[in-house]
Amino acid sequence: MSGLLEVSGLSTQYVGARGTRVTRAVDDVSFSLEAGKTLGIVGESGSGKTTLALTLMRLLPPAARIAAGSIRFEGEELLSKSERQMRALRGKRMAMILQDPMASLNPLFTVGDQIAETLRAHEATPRRAAWAKARDLLTSVNIAAPERRVREYPHELSGGMRQRVVGAIAISCGPKLLIADEPTTSLDVTIQAQYLKLLGEIQREHGLALIFITHNLGIVARMCDQVAVMYAGRLVEAGPVRSIFNHPAHPYTRALIESIPKFGDAAERLTAIEGQPPDPSALPPGCAFHPRCPFVVDRCRAEAPPESQVAAQHRTRCWVAAPALAGALKG
Amino acid sequence: MNASQAGTPAAPVSLPWRLASLRVEGFPWIPTAILGVIALVAIFANVIAPYNPEIGVLGDRFRPPAWQTGGSEAHLLGTDHVGRDVLSRLIFGARVSMVVGFTAVIVAGILGTTLGILSGYLGGWVDQVIMRVTDTWLALPALTFAIFLAAVVGPSEMNIVIILGAVYWTRYARVIRSEVLSLRERDFVRLAIVAGCSKKTIMRRHILPNVLNSAIVLGTLMLGVVIVTEAALSFLGVGVPPPKPAWGLMLADGKKGLMAGYWWLTVLPGICIMLMVLSANLLGDWLRVKFDPQLRQL
Amino acid sequence: MKRFIIKRLAYAVVSLLLLSLTIFLFVRLTGDPAVLLVEPGASKADLEAIHAQLGLDRPLWVQYGQFMWSLAHGNLGNSFYYRTPVLELYLSRLPYSLLLAAAAMIFSLLVGIPSGILAAVRVNQWWDSAGKIFSLLGLSLPSFWVGLVMILFFSVYLGWLPSSGSGTALHVIMPAFALGWYFAAAHMRLTRSSMLEVLGSEYVKLARLKGLPEALVIAKHAFKNALIPVLTLAGINLVIMVNVAVVVETVFAWPGVGRLLYEGIAFRDFPVVQATVLIGGAMIVVVNFFVDILYAVIDPRIRYER
């Protein structure tokens, strides 16, 4: 094990106002990511993807706490670092892009200022040099006329450009890991494609490891090496893209793949998964997916399935997908 | 998961915060008890009060409270500039505050709720007229408006109630109207329309019961405001006419002994006002959180 | 935008008309206005002369027209007591009111903004609770009582500050505190909630993700944004302060328009009362209009809402 990022048994909980209601937003999550590779994390909204990302950055809201697990980044344990040490890592060694480019830039400061301040916070760059670097960064994210753009305010830029600026901020200090939380959901389709292309270029150029959070499996198929499918805070299936797309083991993953609209289909076929995503604060007992699962057996209602290996590096949490294991336990 | 809406942390809880959060979670016993005691004092004022609050003995002017040198057991909280017993005046003052406060809140509430329902449900020009008037009256600072009305109609307890009602109904009308606007779109109201109920019936049987909660919460919150306004009017001499014992009036009289350092004439009535207003606000806050979290804008 | 301004302008004009109508009607319908508009103790013959002079025998709408006509010419009547036009009197007192309001505003912002920020940054901790109690007290204690107790303490017992009047900087301290007290609580509440909103925003999250020190995140990214609504409210409140200072100005004998209103009541000088209320209300309607426009300029969503 010598990955860039090694996560094991990670659990994050939200604690209610009176300290009684505990919501398991992230529950016993393990995965690893090698330098320069891309991991896609897929799931419905409310499945805990964003909380997982914020846990990795250790930037959770006050109501949340990391209950268990370990995050090793470049061989160092993040959970035992002080806030000061974490701050030195954030934006420098690991960066994150948020969902909404419209909202993630401060409307009252210029674009250049918001890029330069990251450099100045981490590298004691003089003001002039930081601004020059900001212009270079804008060029590297394909923004034309950077000399002019650095002096503009966010509202003067289009949505696509703003998201590029956010990307420029993320790569400004040359991080090793970039977490992108649904970076394209609020962009329209053509701009989405351009942006994904840009992300891919940046990744290759800088040798970045990328964690790509999305609910769009199509993007995952195009961009990622590894996939992790999240449901109700747990990784229900994880493995190499090819293996998962060709042989999905978990019924939820299967349903997700079937719901991708296929090019050339006569009727636009959108098989939505039946039933509602569960309320994270009141999960059903056993496997959280069982109320919506077409293959449900009694055991699913009673016991949460453990992780089992289906193929090389391909794991899942399902009783039905692991008949061998189930059989072994019965015998 | 939207991180910013995830609620409050369970983490370090200091004592004042625990005290403050009591009023959200548990029933505010202390404020309610204080209001209850003031109400009892008001009701039994003539039994409890040791003296007639309106008649003083000039020879006993400016007696300090019993525990200060020069004070006596005869006047526990001292006497004022014409020798009236401060304790008795405070006790009867509770009656004035309670009666004026409650009736004014109710008058304003009935007026404002009725107009709010009419405005919200009927819409059209009725709505336009009522809301323009409401906005204009809301723009006037309540106290200034009340002073103006008081100057026009002259001081009396009855007039104060009418004035306060006339000044404060607008607050109800605004809130109730916006509530009615959303109620109007609800299924049970639509069903009633389809069933052929008259507008009058719908407003009385279906809308009114559903806005009553808000009106009561609002009323509790208004109680404090109304009492302070009454005190201010009386203080300025356009409220409760002397020699009636109203707390605001006592503060005005207390000014006569202020420079001589007769603190009890200023401090004690103020504490009574503060206790009552603070209690009403705490109770109202609790009710608001409990019944109507949407009333945040007040 | 243009349509929005026209609509708001129409509302403001309607409000001003309703305001004048309200005041006009209350005076005419609650008894004989001549009694109010004539000096106390006037004879019956005087009253009748006034009736004829004011046209009180004519229909109401004619009377309202005359009332508006003289208003439009800046004629608000003459003060019985000072024997000068009310408008002049008002304008001579206004600077004092503005001075007091400005001092109270500075005080309320100096107290309200830092404590609101502290409460938001330390949300649900000791400071936040202390702030909650402070704002509750601020909203519950009558300002004039705060003023009286201050006189008792600082003027009578300690002898540090003059109890009434105006002239020196020392005279301003207590009235400004008594008047600003309530507003400090209001400004604190708004600063806290606006700061909390900004602290939960995506750009503050991104600022933290950049690894900026928390002090910089708050001082640079949160503070400036959170201040906008507070300063807007402060603008409205400045005008409101001028108009609610009646009791505080009375307590401290501060010669502003509030004191003028009180004198109007005390001397039964009705034209003064009427004019003070009318001008105060008009001021607020106008300020509300400008604030509406300002908000629409800042936040484009508002323009399409109403």
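In chain A, eight strands form an open sheet in the order E6-E7-E8-E3-E9-E10-E12-E11, and their pairing is mixed. Two strands are taken to pair if DSSP finds at least two bridges between them; helices (H or I, at least four residues) and strands (E, at least two) are DSSP runs, numbered from the N terminus. Strand E6 (94–97) and strand E11 (308–311) of chain A stand at the edges with a single partner strand each, so one side of each has no neighbour in the sheet. On average, neighbouring strands of this sheet are turned by 20 degrees against each other, direction ignored. The model is predicted: local features need pLDDT of at least 70 and side-chain atom pairs count only at pLDDT 80 or more, while totals for chains, interfaces and linings use all residues. Residues are numbered from 1 along each chain as its sequence is written, and chains are lettered from A and ligands numbered from 1 in the order in which they are written.

Leu39(A) has Gln226(A) as its bridge partner in E9(A). Helix H10 (residues 251–258) of chain A packs on the sheet and touches E3, E9 and strand E10 (234–240) of chain A, with its direction at about 110 degrees to that of E9(A). Angles run from 0 to 180 degrees between N-to-C directions, and axes are lines fitted to C-alpha atoms, for helices over the stretch in contact. Two residues are in contact if their C-beta atoms, placed from the backbone, lie within 7 Å. Helix H1 (residues 49–56) of chain A lies across E3, E6, strand E7 (177–181), strand E8 (209–214) and E9 of chain A, and runs at about 155 degrees to E7(A).

H1(A) also lies across E1, E2 and strand E4 (64–73) of chain A, at about 65 degrees to E2(A). These strands belong to an open sheet of four strands with antiparallel pairing, in the order E2-E1-E4-E5 (chain A). Strand E2 (22–33) and E5 of chain A are at the edges, each with a single partner strand, so one side of each is left without a neighbour in the sheet. Strand E1 (residues 5–15) of chain A runs antiparallel to E2(A), and eight bridges join them. The bridge partner of Val15(A) in E2(A) is Val22(A).

Leu79(A) lies in the loop between strand E5 (76–77) and helix H2 (83–89) of chain A. Leu79(A) is partly exposed, with 14 other C-beta atoms within 10 Å; a residue is buried if 20 or more other C-beta atoms, placed from the backbone, lie within 10 Å of its own, exposed if 12 or fewer, and partly exposed in between. Apart from neighbours within four places in sequence, Leu79(A) is in contact with Ile66(A), Ser70(A) and Ile71(A). Gly36(A) is 43 residues away from Leu79(A) along the chain, and their C-alpha atoms are separated by 23 Å. Glu123(A), in helix H3 (residues 111–123) of chain A, is also partly exposed, with 15 other C-beta atoms within 10 Å. Glu123(A) and Lys92(A), 31 residues apart in sequence, are 8.9 Å apart in space, C-alpha to C-alpha.

Taken as a whole, chain A has 12 helices and 12 strands. Of its 331 residues, 46% are buried. Among contacts in chain A between residues at least 6 apart in sequence, 63% join residues at least 24 apart.

In chain C, nine of the 10 residues of helix H12 (residues 257–266) are buried, so H12 is largely enclosed by the rest of the structure. Among the buried residues of H12(C) are Arg259(C), Tyr262(C) and Glu263(C).

Between chains C and B, 50 residues of chain C are in contact with 45 residues of chain B. The largest share of the side of chain C that touches chain B comes from H6(C), with nine residues. By class, this side of chain C has 34 nonpolar, 14 polar and two charged residues, where Ala, Val, Leu, Ile, Met, Phe, Trp, Tyr, Cys and Pro count as nonpolar, Asp, Glu, Lys and Arg as charged, and the others, Gly among them, as polar.
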